[in-house]
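Hi everyone, thanks for coming. Let me put the structure up on the screen, and then we can walk through it together.

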Amino acid sequence: MKAFGNLFKKKTHISNISESENLSRNINKNIEKIKNELGNSSDLSINLCKDNINENLCYVSIYIENIVDKDTINSLSSEITNVLKAKDKLKDCTPEGYFNLFKNALFGFRKSEEGTDFNVLISNLLSGKTLFFIDGYNKFFSIDTFSVEGRAVSEPTSQNVIRGPKECFVENINVNVSLLRNRIKNKSLRVEELSKGNITKTKIVIMYFDKIAKKAIVDELRRRLNSINIDGIFDSSYIEELIKDDRYSIFPQFLSSEKPDSVAAAILEGRVAILVNGTAYVLTAPALFTDFLQSSEDYYYPYLVASAIRIIRYIAFFLTLIVPAGYIALATFHQEMIPTQLLISIAAQREGVPFPAFVEALFMEGTFEILREAGVRMPKVIGPAISIVGALVLGQAAVDAGIISAVIVIIVSITAISSFAIPNYTMSNCIRLMRLALMILSAIFGLYGVFMGLIVLILHLCKLKSVGVPYMAPIATATKNGFKDTILRYPIWDNKYRPIGISNDKSPRVEENNPVTTEQKEEPEFR
Amino acid sequence: MINMKCKKILLTFIISTNLILNGCLGSKEINTLALSISIGIDKVDDEYSVTYQILNPKAIASKKSSIESPVFLYTERGKDLFEVIRRITTISPRKIYNSHLRMVVLNEEIAKEGIEGLLDFFLRDHEFRTDFYFVVAKGTTANEVLKSITPLEYVSGMEMYNSIKAAEKAWAPTKTVKIIELASKLVSEGVNPVLSAVEIVEQEDKSDSIDILKRSVVSKLKLTGLCAFKKDKFLGYLTEDESKGFNYITGNVKNTVGYLQLDEKNRVTFEVIEAKSKTKAYMINGKPAVNVVIDLTLNIAAEVGKYDVSIEKNAEKLNSLVEEKIKKHCEASIKRTQEDLQTDIFGFGEVIHRAHPKL
C-alpha cells in the first residue's frame, strides 16, 4: 500500500501553474497569451478599444460572459464612456496616466484589485472579474462583476422544523455568509477565506467567534484545511472525509447542517463553521455524539417538552439499533426470556414460515433498505407507487403468503420509524450499518453477541474525537455543566455556561435572574 | 510491546475462531420447538407415566376459531423420569422446550410415595425455569386433568396457572407453590410443605374434543384448597375453611371475602383487604407455645337486613364476631393438621427453633 502511495505522490498535479510571470507591455501579446491559456474559449469576451481622441492609447476589457453580471458590465461601460469624454485630459496622456484615469473612475465602491502577475490575472478572470489593461503599460486591474444564477433561500429539505426559522443555506457561499452575518452582528465574528481544490479552486470560508472559540481548535482546523490537496471539492462532505480525526470510523465527526440558525448557535457556543461554495450544507466542528441527536427546534420549544422529545429521540436511537438484533437473539436463542403469552403468539405466527428468524429479518430489512433507497432516487412523479408496492405487496402479501411472519413486519416497522426520528441523516445512515452488524452478531451468538457488539460500539465511540474533543464529551468525560444540554435540555436561563471542552469563554452567556418577582406574582393582577 | 499489526492479526484470529467454535450451537428456531405448558406425573404399575401437554400455537393464536385442538398430549411410561421425558421425542416431531412450563400436576399416588426424587430432576435440569407451580390432582389422575378442555383458556395448564394466581389473590384458600419454596420447605426441619389441590368438576361429557366448547356447561378444573405433606409425603386434604385458616396464619391472605350470619334476618358480608400475621414462640411451664397475632383490615362489602353498622357499638360487635370466626378457621386448621395428620405445615417448629435454639 505504502509503495503505491509514494508512486502517486511523486506525480505532479496537472493543474500546477508554472512560475509567476509578469504582464508584457504589448497589449496584443497579452491578449494572445490569455487566449492561449483559456484555449480560445467561446465565452471569452475581449473588447479592444482605441481611444477616439488620442490614437496612441488603447485599452482592453476582458471577461468571461457566462459568469458576469450583465447589468454591472453595462454600468461599467457607460462609466467608461463618461471618462472618455474628458478630452483635455486625454490629449497628451501617457499609458500610465490613462491606466490611472480608468482606475480612479471605476474603482468606486467596487471590489477591485490591481497587479502585474499573469497568473493572478488568469485566476481573477476565472472568478468572474472583468480585467482592464492598457497598451504600453504592464499592469492590470480587475473589477468584481461575478454573478451566477443560484437558488433562492428557501425552506430546508432535510431538516424540517415546525417552529423556528425556516431559512436554509443555498449553494452560493456569499449568500450563506450573509445569512450568518445577519444573525451575528458582532465585530468578533471572524470570516476567513481560502480556496481549495487544485482544479476547481473552490472557495471555502471558515467562520468562528473570536473570543469564544478555542484558538487551538481553530488553528488545528485551519492547519488541516490547508493541508488538503485534492483536485476538486464539490460538497462539504469532501472536507469532512479528508480532515476528520478518525478517517476509518463510520461515525460522522462533523455536524452538517443546512439551517443558518443552528450554525449560528453553534458558532456562539465556540464551534467553527466551515462553508463550502456550491453546497447548502455547512459543517460545524467539534461535533459530538449528542449533537447528532439534537434538533434546532429543541431550543424553540418549552424546555420540558423539548426534554421529553429528546428522550424519545434517544429511545428511538436505541430501538433502531437493537430491536431487530434483540428479536433475532430472543427468537432463536433465548426463548425462555419471552413472556409465555407473547411467545405463544410469536410461535403461532412463526408456524409454517420456512426461514429462520435471522433470514427473515434480513429479508425484510433488506427490502426496507431497498425501498428507502429507491424512494430517494426515484422521480417524484412515481413516488406514490413505491408506498403501494412497499406496504401492500411486501408487507401484507408476504405475511399472507406465509413467507415471513407478521412479527418481523412489526419489528422492521418499529426500526424504520425509529430511524427517522434521528434528526441527522448521516448519523441515521451509520446506525443502519451498525444495526446490520448487530443482527449478524445476534444470529451467531445470541444476546451475548449483541452485548459484545454494543460494548465494542461504546468503546469505539469513547475513543473517537472530533477535532481533539472527546466524541462522547459531556457524558463520557463528564464536565460540570455539560449534562445540561444532552439528554435533557435545561431551561435557557439555567444553562449558563458554554460547553467546556469546546468553548474558551468562561463567562456566563445568560443572566439567571427572573424579571418577574415573587411579590408581583402574589398580586392578583400584576403587570 | 506487540506492534499493531500483530494485534490486529491476533484479534481477527480470536474473532474467527470464536465464530467457528461457538457457531450457532445454541440456536433453535421457535417453530422447531414444542412448547410444554404442563407436565402430569402418574404412577402406573410401578412406573412413571408422564403426560406432556404440548401447545399447538396454530390453534391458540389464530384469529378464527380453530378446528385443531389447542393442545396435544404426549404420554410415555418408564422407570426414570428423565429417561421418560427424553423418550417422548420418539413420539413428538419437535424437541420439547421446557422453559415455559406452567404447571406440574402430581398424582395423589405419587405424592403419597414421596416427591423428593421428582423435585431433584426439576431443580437440576437447566431448561426448567423456577416459576411454575405444583398442584396435586384430587380424585383423578394427572392425565385426566391435562386432558380436559377448559373454557376461556383453552389450555388447561394455563387455566390452572391463571386460576391459582387469581384465587390466591382474591379468594384465600389456595397457595401458589413454586419449586424453590417447595424444595426449601422439604429440606428445612421445622416446616412441611403444602400444595394446592385441583379437581375436575361438572364433567358430564368425558370427551376431550374441542367441540365441547360449543356448549356453555363444560368440565372445569377447580382448585379445592390445600393438601398437607409431611416431609415429601402426601398426608391429606384440608377443607376450604381450613386452607383459609392456614393462609391467615402464614400471612398469605391478600384479599378474601367472608360473611357473618348475625341472626336469621341480618347478614353482613365483609371483604378482607389487608391481613398481616406475626408468629412468636414462648415457653410456658417448660412447654413450647406459639402465639399468632393476625391483623385485619375489613371493608363492609354488603349488608342484608337492618343491622346498622354505622353505630360504633355494632361495629365493635362485628369486629369481635369476625375475630371469632377467623379464629375458628385457624383453630380448625391447626387441629386438623396437628391431631389428624400430625404434621406442621405452618412452620411453628421453625419459629420455636429460632426463639429457643436449644430445644
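Let's begin with chain A, whose secondary structure amounts to 19 helices and twelve strands. Its radius of gyration is 31 Å, well over the 24 Å that the globule rule gives for 527 residues, so chain A is more spread out than a compact globule. Please keep in mind that this is a predicted model. If you follow the C-alpha trace of chain A along its principal axes, it spans about 105 × 70 × 50 Å.

How much of chain A is buried? Of its 527 residues, 33% count as buried. As for contacts in chain A with a separation of 6 or more, 66% of them come from residues 24 or more positions apart.

Now let's zoom in on one helix of chain A. Helix H10, residues 260-268, is mostly covered, with seven of its nine residues buried. Those buried residues are A:Pro260, A:Asp261, A:Ser262, A:Val263, A:Ala264, A:Ala266 and A:Ile267.

Next, chain B. Where they meet, domain 1 of chain B contributes 20 residues and domain 2 contributes 19 residues. On the domain 1 side, helix H7 (156-170), strand E8 (220-230) and strand E9 (233-237) of chain B each supply at least two residues. The largest share, five residues, belongs to E8(B). By type, this side of domain 1 of chain B has ten nonpolar, five polar and five charged residues.

Finally, how do the chains meet? Here 22 residues of chain B are in contact with 20 residues of chain A. On the chain B side, helix H1 (4-22), strand E1 (33-44) and helix H2 (57-61) each give at least two residues. Which of these elements gives the largest share? That is H2(B), with four residues. The chain B side that touches chain A is made up of ten nonpolar, seven polar and five charged residues.

That's my tour, so over to you for questions!

Definitions and conventions. Residues numbered from 1 in each chain as written. Chains lettered and ligands numbered in written order. Predicted model: local features only at pLDDT ≥ 70, side-chain atom pairs only at ≥ 80, totals over all residues. Rg over C-alpha atoms; globule rule 2.2 N^0.38 Å. Buried ≥ 20, exposed ≤ 12 C-beta atoms within 10 Å, placed from the backbone. Contact = placed C-beta atoms within 7 Å. Nonpolar A, V, L, I, M, F, W, Y, C, P; charged D, E, K, R; others polar.
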